[in-house]
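My entries follow in the order I made them.

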Amino acid sequence: MTHAEINQQPCLYLEAFSHNEESCLPLHTSITLFLLSYCECKSFKLFLVSSKPGCSESRKDNLPVSLDASYIQQQDLPQLVRGCRLPAALDERGRLCRAGLAVVLRHIINKTLEADPSRNDVLALLGFKKTCLKACAEVSKWTRLCEISIPSDIEEHLKNPASLCQQVPPSVLALERRLAEPVQVHNNDKLRRQKLQEQRRNEKNASRGGKGNRDHESGSGQSPEVCNVPDLRTALAKLTVGAVPTLTTRKSSEIRKVKTTDLPSLEHVFAEGLYFTLTDVVLLPCIYQYLCSLRARAEGALQQLPNLLRWYSNVQEVPGVLRAAEACRFALSVPQLPTSSPSGASEKHNPESQVEQEEDQEMTTQPVFIGGPRPTMTKLKENGIEAVFAPHPCPAFTLPWDELSGAVNPTEAGEMSDVRAVRKRQQLNNLVAMVMELARPGHIIVDFCSGTGHVGILLAHTFPHCQVILIENKEESLIRAQNRSSELGLKNINFIQANLDYFTGSFHIGVALHACGVATDMVMEHCIQSGAAFIISPCCYGFIQNAIKFSFPKSNKFQETLTYKEHMILCRFADQTAVQLPFERRLIGKHCMGLVDLDRSWGAETHGYSVQVITMEPESCSPKNNMLVGRLLQKAEQEVGAIHLETPECS
């Protein structure tokens with residue numbers, strides 16, 4: 001029995017050390033420890049995970065004094081945690097694992113607020129509408145930059161600082177450029193008029209004070225218009241209510257008449273704008289380590305980062321930051337911009353061009369679509385490519401819904417209308433029928449993008465001899481799924497709140513119902529990497545676009561025939577299958593769906609898979625009624641003649 005098979009307290013697992021044994025804690029660990037110190041959170045039992053035996057307890061000197069931690073080896077982790085990248089948090093019952101930096105950090109904030117709801121400073125970390133770093137890194141370039149790119153680039157720099165000091169990492173340059181952009185907030189006009197009012201007030205005070213005061217103000221090399229003091233005042237006023245005098249809310253008629261285009265822009269005080277958020281917590285340990293390295297080896301490189309240095313100084317003004325930094329042994333100091341630029345820097349390195357190059361690689365925008373899909377479809381047909389739909393192996397199969405518990409049956413769960421619930425049951429019939437063809441006792445089935453668990457809970461109930469894991473990024477949905485499984489008393493089900501990239505466990509069957517856009521391709525990639533069979537129902541074809549991991553078309557045959565733009569035309573019109581559209585238009589949409597999924601299936605076949613595109617029965621169960629059913633050919637041949645699970649057979 002492992003240490004966490006029976007938990008009395010939520011557990012938090014952090015990677016102990018990076019690859020170089022002499023280096024400090026990995027940045028993801030340092031970031032998590034910094035947040036724990038800032039929040040003064042005591043809700044977790046803390047474990048440092050080492051992949052190497054004999055990790056010395058004396059290395060706890062790297063930890064904040066207020067935090068107590070135990071060491072644990074990788075092989076001793078709970079099974080659910082072993083299938084995830086760290087950091088990871090496991091709930092008291094050991095059934096729900098939260099994995100990935102942003103997910104774990106947001107969970108720490110929520111646990112802190114549960115223990116002390118009066119911590120408004122901690123609540124503010126979640127940002128406007130509590131959405132800070134909530135979007136997953138697979139779809140949000142900003143989350144990916146802060147959660148993945150900057151920590152990994154800086155860790156790479158710290159491994160080999162001598163050779164990388166003169167070259168600022170592309171992700172850091174991207175942040176520098178972001179900090180130079182004007183801030184856009186929901187009450188943008190109001191704050192800009194307040195800023196204009198204070199600027200004019202400062203100008204009047206300066207003129208009354210005479211030349212001496214003006215010289216003193218300009219000593220830093222910045223005019224009142226350039227300095228972001230009003231912005232910083234606004235930011236700190238929110239964090240320390242009563243400590244900073246509030247600005248006069250009543251604006252003069254002269255200020256109200258100023259055109260919006262003539263108002264001063266709001267400058268970045270913190271990473272996401274005017275207010276200190278979780279993003280700043282993530283960035284501070286990273287930038288601290290990076291600046292320490294630059295000061296020791298290449299101080300001239302700081303010339304390329306004036307906005308980052310200003311941000312670094314602003315963060316230190318936030319109440320609680322210096323306390324948390326001291327606990328984590330960060331020797332923060334106010335940065336000074338070097339007076340001379342590094343020799344040859346302008347010739348060797350152009351920050352602007354490198355940032356643009358990085359963004360060109362990462363950012364892809366939807367092209368302008370001209371015309372309909374028929375020319376593209378004709379082009380494919382002329383090259384012998386047409387949508388192919390395999391026959392449904394169990395078209396009449398249905399589960400005994402009247403006998404199932406309300407926690408399983410979407411009709412009785414009360415979460416949707418009766419008409420929609422009936423269609424949902426029909427969709428579930430199709431997925432269960434496909435799983436029946438593939439599942440064996442002891443198999444692990446993963447329900448990707450599980451939502452509230454309609455698929456995963458039904459599979460756990462229908463296949464009691466299999467283990468089912470639900471993976472979902474939205475905490476609210478996963479909590480509802482966990483509550484529903486508790487009603488049923490299911491013992492063969494676990495839950496992971498994480499982005500798909502943070503799940504690394506092995507499994508036998510991957511399932512996804514209406515995986516949006518490239519989520520279908522991400523699920524398929526996970527299944528291929530694990531050698532697992534898959535049943536995926538795609539959705540939101542119009543959101544398909546090139547991403548870091550994927551480019552379209554995917555298969556060689558489609559790449560030889562279509563350009564990216566032509567493929568995007570197929571994807572756009574594949575979304576036009578809604579029931580209110582004319583029949584002919586829906587027919588074209590269905591054909592485009594088939595072509596897009598044919599490209600996906602051919603791409604998977606290059607990895608040794610046999611893939612079929614099957615239409616759900618009845619077709620009216622969903623406008624997006626395709627299923628991609630694939631299995632590794634080698635495994636399929638080995639399983640020929642194997643005994644199926646004792647479940648209702650297709651009729």
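I call a residue buried when its relative accessible area is under 20%. I also note that this is a predicted model.

**Entry: overall**

I looked up the make-up of the protein chain and found 26 helices and twelve strands. Of its 651 residues, 54% count as buried. I then took the contacts with a separation of 6 or more, and residues 24 or more positions apart account for 74% of them.

**Entry: cysteines**

How many disulfides does the structure hold? I found zero. Cys 146 is in no disulfide, and the nearest cysteine sulfur to it, that of Cys 132, is 8.1 Å away. Cys 146 has 0% relative accessibility, so I log this residue as buried.

**Entry: helix α21**

I compared the span of α21, residues 475–488, with what its 14 residues should give at 1.5 Å a residue.

Which residues of α21 are buried? I list Ser 477, Leu 478, Ala 481, Gln 482, Arg 484 and Ser 485. Viewed down the helix axis, the buried residues of α21 fall within an arc of 165°, so they line one face.

Just after α21 comes Gly 489, with a positive phi of about 70°.

**Entry: Glu 472**

I followed β7 to Glu 472, which lies in that strand. Is Glu 472 buried or exposed? I have it as buried, because its relative accessible area is 10%.

Leaving out residues up to four places away in sequence, I find that Glu 472 touches Cys 449, Ser 450, Gly 451, Ser 477, Leu 478, Ile 496, Gln 497 and Ala 498. Ser 477 and Leu 478 are among the buried residues of α21. Between Glu 472 and Gln 497 I count 25 residues in sequence and 5.1 Å in space, C-alpha to C-alpha.

Cys 449 is not a glycine, yet it has a positive phi of about 50°. I place Cys 449 in the loop between β6 (444–448) and α20. With a relative accessible area of 31%, Cys 449 is partly exposed.

Leu 133 is also not a glycine and has a positive phi of about 55°. I find Leu 133 in the loop between α4 (120–123) and α5 (141–159). Leu 133 is buried, with a relative accessible area of 6%.

**Entry: aromatic rings**

I counted the aromatic pairs and got eleven. Trp 311 and Tyr 312 form a tilted pair, 6.5 Å centre to centre with 40° between the planes. Trp 311 is buried at 2% relative accessibility, and Tyr 312 is buried at 0%.

Phe 503 and Phe 507 form another tilted pair, at 6.0 Å and 45°. Both Phe 503 and Phe 507 are buried. I also noted one aromatic cluster made by Phe 34, Tyr 288 and Phe 330.

I then looked for charges over rings. The charged end of Arg 178 sits over the ring of Trp 142, 4.0 Å from its centre. Lys 557 lies over the face of Trp 602, 4.4 Å from the ring centre.

Where are cis bonds found? I have one from Leu 86 to Pro 87, with omega near 5°. Pro 87 lies in the loop between α2 (79–82) and β4 (88–90). Another cis bond joins Phe 552 and Pro 553, with omega about -5°. Pro 553 is in the loop between β10 (533–539) and α23.

I went on to α23, residues 556–561, and looked up Thr 561 there. Thr 561 counts as buried at 10% relative accessibility. Setting aside neighbours within four places in sequence, I find Thr 561 in contact with Lys 379, Leu 380, Asn 383, Ile 385 and Glu 566.

Notes. Residues are numbered from 1 along each chain as its sequence is written. This is a predicted model: local features need pLDDT of at least 70, side-chain atom pairs count only at pLDDT 80 or more; totals for chains, interfaces and linings use all residues. Side-chain values use heavy atoms; hydrogens and water are left out. A disulfide is a pair of cysteine sulfur atoms within 2.5 Å. Buried means under 20% relative accessible area, exposed over 50%, partly exposed in between (1.4 Å probe, protein chains only). Helices (H or I, at least four residues) and strands (E, at least two) are DSSP runs, numbered from the N terminus. The expected span of a helix is 1.5 Å times one less than its number of residues. The arc is that of the directions from the helix axis to the C-beta atoms. Rings of Phe, Tyr and Trp (its six-membered ring) pair if their centres lie within 6.5 Å; planes under 30 degrees apart count as stacked, over 60 as edge-to-face and the rest as tilted. A charge sits over a ring if NZ of Lys or CZ of Arg is within 6 Å of the ring centre and within 35 degrees of the ring normal. Contact means heavy atoms within 4.5 Å.
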